[in-house]
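Welcome, and take a moment to look around before reading on.

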Amino acid sequence: MTLTINGERRQVADGLTVATLVTQLGVRGRVAVELNGEVLRQAQHPEVTLRDGDSLEVVTFVGGGA
Amino acid sequence: MDDALVIAGKRFGSRLLIGTGKYPSHEVMKRCHEASGAEIVTVAVRRLDLSAKGEASLLHWIDTSRMTLLPNTALCYTAEDAVRTCRLAAELGMSKWVKLEVLGDERTLFPDVEQTVAAARTLVKEGFTVLPYTSDDPITARKLEDAGCAAVMPLAAPIGSGLGIRNPHNIRLIREVVKVPVIVDAGVGTASDVAIAMELGCDGVLLNTAVAGAKDPVRMAQAMKLAIEAGRSAFLAGRIPRKAYGSASSPLEGLVD
């Protein structure tokens, strides 16, 4: 299936959960995920199964002051 | 003497709040944080870089046992974007403390106070502890307090400008009109700017570039810590009134002929 992740279109295996996708992205450390405009709670990451055409924003903390 | 900074019922031993951007390296940032004594540290929320696999997390370099994370909404230009960023930050940081920042202009980075107040109202309703970056306008500061913000954070000067406190009179007025902590945020250039903010009666100072961009950032972080302490002590001690003419501090009598 095709997902849009942080504005990039990506082909991934069907039936992935959000948590599995995050692992496959090679993420170390904590991320927050917005799925089709809705912010997911951390506890939802292993429960929510992604569907073809879903759009995700995957964010993390970076350095910044103002 | 206990002179803690209290924000939304939480006590902090330092009145300095420090950022995490623009340091020469993560190692230098960590040493600056230690030297500054700050207990509140601001971080930005950004898209994960999908091409940079396995890059060490920023949080690896922040002692979260000692420091409270304050995610910011830096470079958001609408209330909607700022609120969305705060919701993501809450899921990232496991806390609902945020530095709200809604900008109105790319050149000056001045805040859009109308959008800031609107975002603050929404966030307070959602249970966030909101510390908003704002202009040095006392009326806006009062609106933000009325919206339920836990502090107000007027700018000294444009973000990253290092121009220091451009309107000390307004900063003092803000301190007079609101009850919540007043934290000068943005525009600080050097230690004397911090001392002036504290002498005006402000409750704290938030800075980033003044330390991160200094030739010796760690030494500047230490200077900022000392300036916070010196300015705060001077404020509490109560300065002498200004006079137009000289007034000798030695006795006028008993001069040798």
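This is a predicted model: local features need pLDDT of at least 70, side-chain atom pairs count only at pLDDT 80 or more; totals for chains, interfaces and linings use all residues.

**An enclosed space**

Rolling a probe the size of a water molecule over the atoms shows where empty space is left. Here, the structure holds 1 cavity of 30 Å³ or more. The largest cavity contains about 40 Å³ of space. Which residues line the largest cavity? From chain A come Arg30(A), Thr60(A) and Phe61(A), while Ser57(B), Leu59(B) and Leu92(B) come from chain B. Sorted by the convention above, this lining has 3 nonpolar residues, 2 polar and 1 charged.

**Chain A as a whole**

Next, let us step back to chain A. Its secondary structure consists of 1 helix and 5 strands. Starting at the N terminus, the order of the elements of chain A is β-β-α-β-β-β. Chain A has a radius of gyration of 12 Å, close to the 11 Å that the globule rule gives for 66 residues, so chain A is as compact as a globular protein of that length.

How much of chain A counts as buried? The share is 47% of its 66 residues. As for contacts in chain A between residues at least 6 apart in sequence, 51% of them join residues at least 24 apart. The chain exposes about 3,300 Å², with carbon and sulfur atoms supplying 44% of that area.

**Two residues with positive phi**

Most residues other than glycine have a negative phi, and most peptide bonds are trans. Against that background, two loop residues are worth a visit. Asn6(A) has a phi near 50°, a positive value in a residue other than glycine. You can find Asn6(A) in the loop between strand S1 (2–5) and strand S2 (8–11) of chain A. In chain B, Leu109(B) also is a residue other than glycine with a positive phi, near 60°. Leu109(B) sits in the loop between strand S6 (97–100) and helix H3 (113–125) of chain B.

**Buried or exposed?**

The cut-offs are simple: under 20% relative accessible area a residue is buried, and over 50% it is exposed.

| Residue | Relative accessible area | Class |
|---|---|---|
| Asn6(A) | 8% | buried |
| Asn170(B) | 17% | buried |
| Leu109(B) | 18% | buried |
| Pro24(B) | 59% | exposed |

Asn170(B) belongs to helix H5 (residues 168–177) of chain B. What does Asn170(B) touch, not counting residues up to four places away in sequence? Its partners are Asp136(B), Asp137(B) and Pro138(B).

Pro24(B), in turn, lies in the loop between strand S3 (16–18) and helix H1 (26–36) of chain B. With neighbours within four places in sequence left aside, Pro24(B) is in contact with Ala212(B) and Pro217(B). Although Pro24(B) and Ala212(B) are 188 residues apart along the chain, 7.2 Å separates their C-alpha atoms.

How values were computed. Residues are numbered from 1 along each chain as its sequence is written. Chains are lettered from A and ligands numbered from 1 in the order in which they are written. Side-chain values use heavy atoms; hydrogens and water are left out. On a 1 Å grid over the protein atoms alone, a cavity is a set of points where a 1.4 Å probe fits but cannot get out, and a pocket is an open set with protein on both sides within 12 Å along at least five of seven lines; lining residues have an atom within 4 Å of a point. Grid points are joined across faces, edges and corners, and a volume is the space filled by probe spheres set on the points. Ala, Val, Leu, Ile, Met, Phe, Trp, Tyr, Cys and Pro count as nonpolar, Asp, Glu, Lys and Arg as charged, and the others, Gly among them, as polar. Helices (H or I, at least four residues) and strands (E, at least two) are DSSP runs, numbered from the N terminus. The radius of gyration is taken over C-alpha atoms; the globule rule is 2.2 Å times the number of residues to the power 0.38. Buried means under 20% relative accessible area, exposed over 50%, partly exposed in between (1.4 Å probe, protein chains only). Contact means heavy atoms within 4.5 Å. Accessible areas come from the Shrake-Rupley method with a 1.4 Å probe; for residues, only the protein chains shown count as cover.
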